[in-house]
Amino acid sequence: DAKTAGRERLRRHAPAAATRTVASAALESSLRHAAQRGELELHYQAKVDARSHRVSGCEALLRWRHPEQGLMLPERFIPLAEETGLIVPLTRWVLHTACSQMQRWQAVGLVPGHVAVNLSAGPFIEAALLDDVREVLTETGMDPTLLELEITESMMMGCAAESRAILIGLKTLGVRIAIDDFGIGYSSLSQLKNLPVDIIKMDRSFINDVPGDRVDEAIATAIIAMGKSLRAAVVAEGVEAVEQLDFLRGLGCDQIQGYYFSKPLPAVEFEELLRSELMRGAK
Ligand code: C2E
Ligand code: MG
Ligand code: MG
Ligand code: MG
């Protein structure tokens, strides 16, 4: 009967669910210690000026060199960190590491431009954010105008008034605000108008099929035009081919990020890229 069938279904599903919970509990406890064990690292991906093709900045992307599972990408552990509140110390680590690294590069005469750090949405992170950013800027001596914070549309749309207050607080510190993955969230354009946004990062999904796909071409065109009218810089992410680059530059897109120029690189390799830029400039 239905009841037996239901119990049977439960019995069959329970072990899988339990395994998943044990696995994520184990992951959580190892993530808790990952920073102090030196397992976290930042990779840096260049952002390039669409016209000059010079590096104008970079985005810091978190990686976890897990002792058993190897190099883990953020989608494997950021959601867990967000659920458990571990995202707060993790974000602090990312901010501190990125800003210290920028200071070290500048000290040896390299010109990394700005560094962008990704922020998660949610009440955990929002409560700690202002203090953490302020403290990290003080600790590292980083020029606040060279720090960009990438937020997603969902972060602003939670509680509009509260998010707006946080963003204004951040702006007061001098940092710049970018909206990441722009276009796939559920922001209303009028809300965007009321937020202090400096940079719009157009989502990769609109870049994949341009030029060629008429709808994506129209969306990219509209986003770039809107960025201009809001006086925000527009960055295209996920640019992999020269045709995409040419198309976007033609529309007036400001910056390009994607495998076409460079993948995210470990710090030592990104430093080499900066050195070769310096050579190019000296010529
Ligand atoms: P995102 O902020 O949109 O970062 C861009 C992602 O696109 C990165 O993936 C990057 O490696 C990838 N990408 C860049 N250029 C290309 C390209 O030309 N083609 C393709 N196919 N992919 C490209 P990654 O590093 O795996 O990061 C994924 C997401 O994880 C990020 O998306 C961001 O939302 C999140 N994330 C990364 N680091 C952090 C962090 O420190 N804190 C938080 N809260 N989230 C982070
Ligand atoms: Mg980002
Ligand atoms: Mg993005
Ligand atoms: Mg993303």
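At 26% relative accessibility, H53 counts as partly exposed, a class lying between buried (under 20% relative accessible area) and exposed (over 50%), with a 1.4 Å probe and protein chains only. H53 sits in the loop that runs from β1 (40-49) to β2; helices (H or I, at least four residues) and strands (E, at least two) are DSSP runs, numbered from the N terminus. The phi of H53 is near 65°, a positive value in a residue other than glycine.

A word on the model: it is predicted, so local features need pLDDT of at least 70 and side-chain atom pairs count only at pLDDT 80 or more, while totals for chains, interfaces and linings use all residues. Residues are numbered from 1 along each chain as its sequence is written, chains are lettered from A and ligands numbered from 1 in the order in which they are written, and side-chain values use heavy atoms, leaving out hydrogens and water.

Let us move on to the metal site. Donors here are N, O and S atoms within 2.8 Å of the metal (3.2 Å for Na, K and Ca); water is not among the atoms, so sites may look incomplete. E59 in strand β2 (residues 55-66) and N118 in strand β4 (residues 114-118) are 59 residues apart, a pair linking distant parts of the chain. E59 is buried at 5%, whereas N118 is partly exposed at 30%. D180 coordinates both this ion and the magnesium ion (ligand 3), the two being 4.0 Å apart.

Finally, a cis peptide bond joins V210 and P211, with omega about -10°.
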